[in-house]
Amino acid sequence: MQNDIRRGTIEMTAAMLISGTIGWFVLVSGQPVENVVFWRCAFGAVALIAICGALGYLRPGIITRRQLLIAVLGGVAIVSNWLLLFAAYPLSSISIATTVYNTQPFMLLGLGALFLGEKVTVEKLAWLALAFGGMMLIVQAKPGGGATGGSYAIGILLALGAAFFYALAAFAAKWLKGVPPHLVALVHVLTGVVMLAPFADFLNLPKDGESWSLLATMGFVHTGLMYILLYGAIQRLPVHLTGALSFIYPVASIMVDRLAFGHLLQPVQIIGMALIFAAVAGMNFGLKLGIFKRAPTAP
């Protein structure tokens, strides 16, 4: 048991650190967002085909037609999520876009309430209000990194859109229980290849090995390897530990943004980010807010 937890912790930490560096690869590649996501899907498909083949997941009967359709729809959502998030990076900075993007649990909460009849408690609404307050602090802050106010706001909206599409993909995954997650990931990236092929600019491909290596890394490492580590960790770790370690991702993104691009956050932005992180933690771990405890009645 302890060995599983130790290995799962290492895998989850590595997966989150890898995820936290993708913003750097996106910006340094110098490619349009459509090209970046297309090649991430293409190289990721190569890696995941090899992985699924080695694990025996490419046999007939592993996935039904209905499950395949749901996985394809989830792929449309996850690829849309990548497009919007990557487009948000240069407009609002990696730090801000990643923080706003981590409001996904609240998007999923709304979808569950609307379509699955899941109960929305007062506690969950309180965490949502706290996250909204943090969002307002970030929105009203002055943009950094040379961005104009308009482009900064657009970047935040794009990150919110990315969070919504990620929640849709997670929502679709609820109907894919029993399907190997590596196979679901393969369907997602193959969907992305087909979806983005008409929009990828094949006339202006990278002209040097460094640019190609950046794109290949996003496919093989940030997609193929990251999925292996992430799903391995999820299988070995208790839910609360998985949730706690997932915060490594935004923290790593903020550090990369600071070290690689020198983006300094304003105090009000830091406060807003802290409120969002606290709200997401409260949602993930089911924490209780003392202000909602019933006052003791007199004997």
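This is a predicted model: local features need pLDDT of at least 70, side-chain atom pairs count only at pLDDT 80 or more; totals for chains, interfaces and linings use all residues.
Modeller: Buried means under 20% relative accessible area.

Biologist: Why is Ser 93 called buried?

Modeller: Its relative accessibility is 10%. The limit is 20%, and buried means under it. Ser 93 therefore counts as buried.

Biologist: Where is Ser 93 found?

Modeller: Ser 93 is in the loop between helix H4 (65-92) and H5.

Biologist: What is the phi of Ser 93?

Modeller: Phi is near 90°. That is a positive value in a residue other than glycine.

Biologist: Now H5. How many of its residues are buried?

Modeller: Eight of its eight residues are buried, and H5 is described as mostly covered. The buried residues are Ile 94, Ser 95, Ile 96, Ala 97, Thr 98, Thr 99, Val 100 and Tyr 101.

Biologist: Thr 99 has a polar side chain by your classes. What makes Thr 99 count as buried?

Modeller: Thr 99 has 0% relative accessibility. Buried means under 20%, so Thr 99 qualifies. Thr 99 lies in helix H5 (residues 94-101).

Biologist: Which residues is Thr 99 in contact with, leaving aside its neighbours within four places in sequence?

Modeller: Thr 99 is in contact with Ile 138, Ile 254, Met 273, Ile 276 and Phe 277. Ile 138 also belongs to the H7 side of the contact between H7 and H13. Met 273 and Ile 276 belong to the H13 side.

Biologist: How do you know how H7 and H13 run relative to each other?

Modeller: Helix H7 (residues 122-140) and helix H13 (residues 267-285) have axes that cross at roughly 160°. Angles over 145 degrees count as roughly antiparallel. H7 and H13 are therefore roughly antiparallel. Their axes come within 8 Å, and the crossing is left-handed. By class, the contact of H7 with H13 has 14 nonpolar residues, six polar and one charged.

Biologist: Which residue classes apply to Lys 124, Trp 127 and Gly 272 in that contact?

Modeller: Lys counts as charged, Trp as nonpolar and Gly as polar. Lys 124 and Trp 127 are in H7, while Gly 272 is in H13.

Biologist: Which residues of H9 and H10 meet?

Modeller: Pro 181, His 182, Ala 185 and Val 189 of H9 meet Thr 223, Tyr 227, Ile 228 and Tyr 231 of H10. Six residues in this contact are nonpolar, two are polar and none is charged.

Biologist: Val 187 is in helix H9. How do you know whether Val 187 is buried or exposed?

Modeller: Its relative accessible area is 10%. Buried means under 20%. Val 187 is therefore buried.

Biologist: What does Val 187 touch, not counting residues up to four places away in sequence?

Modeller: Val 187 touches Leu 68, Ala 71 and Val 72. Val 187 and Ala 71 are 116 residues apart in sequence, yet 6.4 Å apart in space, C-alpha to C-alpha.

Biologist: What makes Arg 7 partly exposed?

Modeller: Arg 7 has 48% relative accessibility. Exposed means over 50%, buried means under 20%, and partly exposed is in between. Arg 7 therefore counts as partly exposed. Arg 7 is found in helix H1 (residues 2-20).

Biologist: How many residues separate Arg 7 and Ala 233 in sequence?

Modeller: They are 226 residues apart in sequence and 7.5 Å apart in space, C-alpha to C-alpha.

Biologist: How do you know the relative direction of H1 and H10?

Modeller: Their axes cross at roughly 150° and come within 8 Å. Over 145 degrees counts as roughly antiparallel, so H1 and H10 are given that name. The crossing is left-handed. Arg 7, Glu 11 and Met 12 are among the H1 residues in the contact, and Leu 225, Ala 233 and Arg 236 are among those of H10. The contact has eleven nonpolar, four polar and four charged residues.

Biologist: Last one. Which residues have the most contacts inside the largest nonpolar core?

Modeller: They are Val 37, Val 79, Trp 82, Leu 85, Phe 86 and Tyr 89, in a core of 80 residues. Apart from neighbours within four places in sequence, Phe 86 is in contact with Ile 22, Val 26, Val 33, Val 36, Val 37 and Arg 40.

Conventions
Residues are numbered from 1 along each chain as its sequence is written. Side-chain values use heavy atoms; hydrogens and water are left out. Contact means heavy atoms within 4.5 Å. Helices (H or I, at least four residues) and strands (E, at least two) are DSSP runs, numbered from the N terminus. Buried means under 20% relative accessible area, exposed over 50%, partly exposed in between (1.4 Å probe, protein chains only). A nonpolar core is a set of buried Ala, Val, Leu, Ile, Met, Phe, Trp, Tyr and Cys residues joined through side-chain atoms within 4.5 Å. Axes are lines fitted to C-alpha atoms, for helices over the stretch in contact, and angles run from 0 to 180 degrees between N-to-C directions. Angles under 35 degrees count as roughly parallel, over 145 as roughly antiparallel, 65 to 115 as roughly perpendicular and the rest as oblique. A crossing is left-handed if the near helix is turned anticlockwise from the far one by less than a right angle, and right-handed if clockwise.
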